Amino acid sequence: MTFSVTSSLAHVNLAKIGLAGVRYWAEFGRWLMHLDHWPWVGATTGVTCGMMMQSGLGGSGGREGEPEEPSPVSDEFDSLSYHVPVLPAEVIEYMCPEPGKLFLDGTLGGGGHTELMLQAGAQIIALDQDAEALEHARQRLRSFQGAVCLLKSNFRSFPAMLEEAGITALDGILVDLGVSSHQLDDATRGFSFQNDGPLDMRMNPDEGRSAGDLINEEDAEELERIFRDYGEERQARRIARAIVQRREEKPFTGTADLANFIAGVSQKHGKTHPATLCFQALRIAVNDELGALEDLLREAPRFLKPGGRLVVISFHSLEDRIVKHTLQKYATEWHDRPEWPEPRRNPDYCMKLLTRKPVEAGPEETKTNPRARSAKLRAAIKLPS
Ligand SMILES: C[S@@+](CC[C@H](N)C(=O)[O-])C[C@H]1O[C@@H](n2cnc3c(N)ncnc32)[C@H](O)[C@@H]1O
């Protein structure tokens, strides 16, 4: 099978994933060459690549076709300090990775979940919108070259990517939402008020408006909406108005400045920092996290084989509510209302729930990985059509 770059692919690159994704698309094309005899890759795949080479991992290291230099960093130390994957055993239980299966990991992060699925023999297409995460995972997963393809993309764009590649059916889709520990800990990314940094919060720093842009430019009504809708912050109006007043004298530039200001305005007391909900809200708004999740959930069933799994790990009630309602919608066969003469079949019915209630981490895990405390896993399986 020969691959050549097409104009339609170039169009998708620019329109859907931005210029930064082009390099990764080329890698995707090369990787697919391994898979062209597999049933889930169409004979007329649209993903194309001019160069023939053996490659599995997107990224910039090494010359084409040559093995890369070994990483100077101890993989084990590096991975654990970057991010500890939550609910690892449960992810494996619900995804059921095994040789011959192809999965999409929409949130690569430190690569922990992807690595576990690779160890079970599966093949993975893994996405992250953060170039740093991809670079880290590329090092970590180098021994699985050929079995994994790493792409820089928002997971909401996954249908366009798979369609271009001629991949119509996956054995499973995993998303482990939010940010990684590394992103939180790195003050220069501006996700946390614990360490002072620029007010950024973009998972993909090449695109979109930063938290500073929102805080210094949006009007009080919009800031109030963000704090209320994405943070469920009771003092949303008060805080929003105070921010708008203060920025007239001096714009906000740093996370500590904003956090201290919110603490002074809200006069909340307690264990949790008074700016916690506003920071959560800003991060969700900056990255359109709920919109991306809704887009992914809407498209996911179309790309799953019968028996394919959808597994979502969320970390706050806004996300979990969306996951719960969407999976319920897919798992409901009939709708009924008193005014209808008879029940009507739900046109969205296509999945069976594997988890009636969300699966949560046990005490052993939360002791060693406090981040797992708020994790909620929900899973469903695609029904035969
Ligand atoms: C919680 S971490 C995932 C950790 C990963 N499962 C592991 O085992 O290391 C979330 C990652 O997903 C990425 N992410 C979040 N939302 C995304 C989206 N809409 N599209 C692509 N990547 C996203 C973040 O940049 C972050 O690296």
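Two residues are in contact when they have heavy atoms within 4.5 Å of each other. The model is a predicted one, in which local features need pLDDT of at least 70, side-chain atom pairs count only at pLDDT 80 or more, and totals for chains, interfaces and linings use all residues. Residues are numbered from 1 along each chain as its sequence is written, and side-chain values use heavy atoms, with hydrogens and water left out.

Let us begin with the whole protein. It holds 16 helices and nine strands; these are DSSP runs numbered from the N terminus, with helices being H or I of at least four residues and strands E of at least two. Of the 385 residues, 55% are buried, where buried means under 20% relative accessible area, exposed over 50%, and partly exposed in between, with a 1.4 Å probe and protein chains only. The accessible surface comes to about 17,900 Å², and carbon and sulfur atoms account for 51% of that surface. These areas come from the Shrake-Rupley method with a 1.4 Å probe; for residues, only the protein chains shown count as cover.

Now zoom in on the helices, starting with α10 (residues 220-231) and α11 (residues 236-249). Their axes come within 8 Å and cross at roughly 140 degrees. That angle makes α10 oblique to α11. For reference, angles under 35 degrees count as roughly parallel, over 145 as roughly antiparallel, 65 to 115 as roughly perpendicular and the rest as oblique. The axes are lines fitted to C-alpha atoms, for helices over the stretch in contact, and angles run from 0 to 180 degrees between N-to-C directions. On the α10 side, A220, L223, E224, F227 and R228 take part, and they meet A236, R237, I239, A240, R241, I243, V244 and R247 in α11. By class, this contact has eight nonpolar, no polar and five charged residues. In this scheme Ala, Val, Leu, Ile, Met, Phe, Trp, Tyr, Cys and Pro count as nonpolar, Asp, Glu, Lys and Arg as charged, and the others, Gly among them, as polar.

R238, I239, A242, I243 and R246 of α11 make the contact with D257, L258, F261, I262, V265 and S266 of α12. The residues here divide into seven nonpolar, one polar and three charged.

Helix α10 has another partner in α13 (residues 276-287): the axes come within 8 Å and cross at roughly 95 degrees. The pair is therefore roughly perpendicular. From α10 come I226, F227, Y230 and G231, and from α13 come L277, C278, Q280, A281, L282, I284 and A285. This contact has nine nonpolar, two polar and no charged residues.

Next, some individual residues in loops. S180 sits in the loop between β4 (170-176) and α8 (181-185), and is buried, with a relative accessible area of 5%. Leaving aside neighbours within four places in sequence, S180 is in contact with Y82 and H83. T107 belongs to the loop between β1 (102-105) and α5 (112-119) and is buried with a relative accessible area of 14%. Although T107 and S180 are 73 residues apart in sequence, their C-alpha atoms are 9.5 Å apart in space. Again setting aside neighbours within four places in sequence, T107 is in contact with L127, D128, F155, L174, V175 and D176.

H136, by contrast, is found in a helix, α6 (residues 131-140). H136 counts as buried at 8% relative accessibility. From H136 to Y82 is 54 residues in sequence and 8.5 Å in space, C-alpha to C-alpha.

Finally, a look at the backbone. Most residues other than glycine have a negative phi. L87, however, has a phi near 45 degrees; this residue is in the loop between α3 (75-82) and α4 (88-95) and is buried, at 0% relative accessibility. M201 also has a positive phi, about 70 degrees, although it is not a glycine. M201 lies in the loop between α8 and α9 (211-217) and counts as buried at 0% relative accessibility.
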